[in-house]
Amino acid sequence: MEKIKLNNNIEMPIIGFGVFQLPEKECEECVIDAIEANYRLIDTAQAYYNEEAVGRAIIRCGVPREELFLATKGWVTEHSYEKARMSVMTSMRKLQTNYLDLVLIHQPLGDYYAAYHALEDLYKEGKLWAIGISNFSAERMADLTAFNEIPPAVNQVETHLFFQQNTLNEWMSKLGIQHEAWGPLAEHRVSELLDNQAIIRIAGKYGKTPAQVALRFNIQRGIVVIPKSSKQERIRENIDIFDFVLTDDEMSEIRTLDENKSLWLPYDDPNIVEMAMS
Ligand code: NDP
């Protein structure tokens with residue numbers, strides 16, 4: 001399993017399994033399938049309501065805890081120092097672990113500075129091995145980095161073939177923050193990605209699937225990807241991307257698919273606040 005080194009020297013797998021929209025029961029079995037398929041990074045969140053299922057899978061899977069990289073995210077309603085701290089302790093209890101590899105501020109909304117201070121303290125106490133952010137624009141990310149003691153190790157943002165996030169990626173490199181891609185298969189537009197003629201042609205050359213090419217593109221950019229699937233064969237397919245390398249020309253061709261806009265609500269739209277709180 002390829003790993004990248006975060007800005008605090010903690011190693012993080014370059015591919016993980018995302019569990020958004022996996023209900024409790026299904027989630028537990030899918031995480032077991034994922035670990036059997038050799039995923040070691042599992043990405044959950046308080047807002048996914050499946051941390052307990054992930055915890056049960058972690059206990060059942062037979063792989064030692066120290067070989068796994070467990071990541072969760074704190075939700076907006078917990079954005080005060082005390083609430084954030086308590087909510088992370090609750091996440092740890094649900095995940096049946098006494099430390100977490102990575103905890104992210106899920107959304108740059110409300111008093112996320114206070115929540116970030118709580119993560120900093122938990123990090124200093126050794127309960128969190130890395131802390132970071134999600135859905136932060138370049139401006140908010142630079143601000144948070146400049147005015148806090150511990151720089152975020154990761155920014156998890158929407159990133160896929162149709163929204164490649166080149167500018168944000170440059171800022172992350174500049175600030176030493178690891179880019180992690182959520183929705184790496186373009187989620188509800190996955191069928192467009194699978195039907196794209198250029199991607200089909202490139203995939204055919206390597207005997208791979210379009211989904212594998214889409215994931216490979218981002219890991220070749222040094223971006224961590226966390227695809228989700230509820231199907232065992234796709235869970236296996238999505239991690240089987242380490243036996244081929246896209247050429248520079250293929251990388252350039254795929255770069256032209258970038259539409260440079262979110263498939264959801266952009267984070268500079270004030271409606272995002274209402275949506276996040278609903
Ligand atoms: P993805 O881009 O991972 O796409 C998931 C969709 O693709 C599902 O419909 C899945 O269907 C389908 N799919 C998966 N693999 C294949 C394949 N090989 N061939 C064809 N279809 C496939 O979207 P997500 O939104 O789930 O993002 C991934 C993870 O990112 C989440 O699970 C979560 O951990 C994180 N995330 C974080 C967010 C944040 O705000 N920080 C927001 C959204 C996601 P099926 O299940 O039927 O296989």
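This is a predicted model: local features need pLDDT of at least 70, side-chain atom pairs count only at pLDDT 80 or more; totals for chains, interfaces and linings use all residues.
View 1. In total, 28 residues surround the ligand. The closest are Asp43, Leu185, Glu187, Ser229 and Lys231. A residue is counted here if one of its heavy atoms lies within 4 Å of the molecule.

**View 2. The open parallel sheet.** Eight strands line up in the order β3-β4-β5-β6-β7-β8-β9-β10, with parallel pairing. The edges are β3 (16–18) and β10 (224–225); each has a single partner strand, so one side of each is left without a neighbour in the sheet. Strands (E, at least two residues) and helices (H or I, at least four) are DSSP runs, numbered from the N terminus. Two strands pair if DSSP finds at least two bridges between them. Three bridges join β4 (residues 41–43) to β5 (residues 69–74). Ile42 has Leu70 in β5 as its bridge partner.

**View 3. Helix α6 on the sheet.** Helix α6 (residues 166–175) lies across β8 (154–158) and β9 (178–182). The angle between α6 and β8 is about 175°. Axes are lines fitted to C-alpha atoms, for helices over the stretch in contact (heavy atoms within 4.5 Å). Angles run from 0 to 180 degrees between N-to-C directions.

**View 4. Ser262 in its loop.** Ser262 is found between α11 (248–255) and α12 (271–277). Ser262 is buried, at 16% relative accessible area. Buried means under 20%, exposed over 50%, and partly exposed in between (1.4 Å probe, protein chains only). The Ser262 side chain makes a polar contact with the side chain of Glu158, at 2.7 Å. A polar contact is a pair of N or O atoms within 3.5 Å; within protein, one must be able to donate a hydrogen and the other to accept it, and residues adjacent in sequence count only if both atoms are side-chain atoms. A polar atom of the Ser262 side chain also lies 2.9 Å from the backbone nitrogen of Trp264. Beyond neighbours within four places in sequence, Ser262 is in contact with Glu158 and Phe163.

**View 5. Glu253 on helix α11.** Glu253 lies in α11 and is partly exposed, at 29% relative accessibility. Leaving out residues up to four places away in sequence, Glu253 touches Ala198, Arg201 and Ile202. The C-alpha atoms of Glu253 and Ile199 are 9.3 Å apart, although 54 residues separate them along the chain.

**View 6. Two loop residues with positive phi.** Most residues other than glycine have a negative phi. Tyr49, in the loop between β4 and α2 (51–60), has a positive phi near 55°. Tyr49 is exposed, at 69%. Gln96 has a positive phi of about 55°. Gln96 lies between α3 (81–94) and β6 (102–105) and is partly exposed, at 42%.

Technical notes:
Residues are numbered from 1 along each chain as its sequence is written. Side-chain values use heavy atoms; hydrogens and water are left out.
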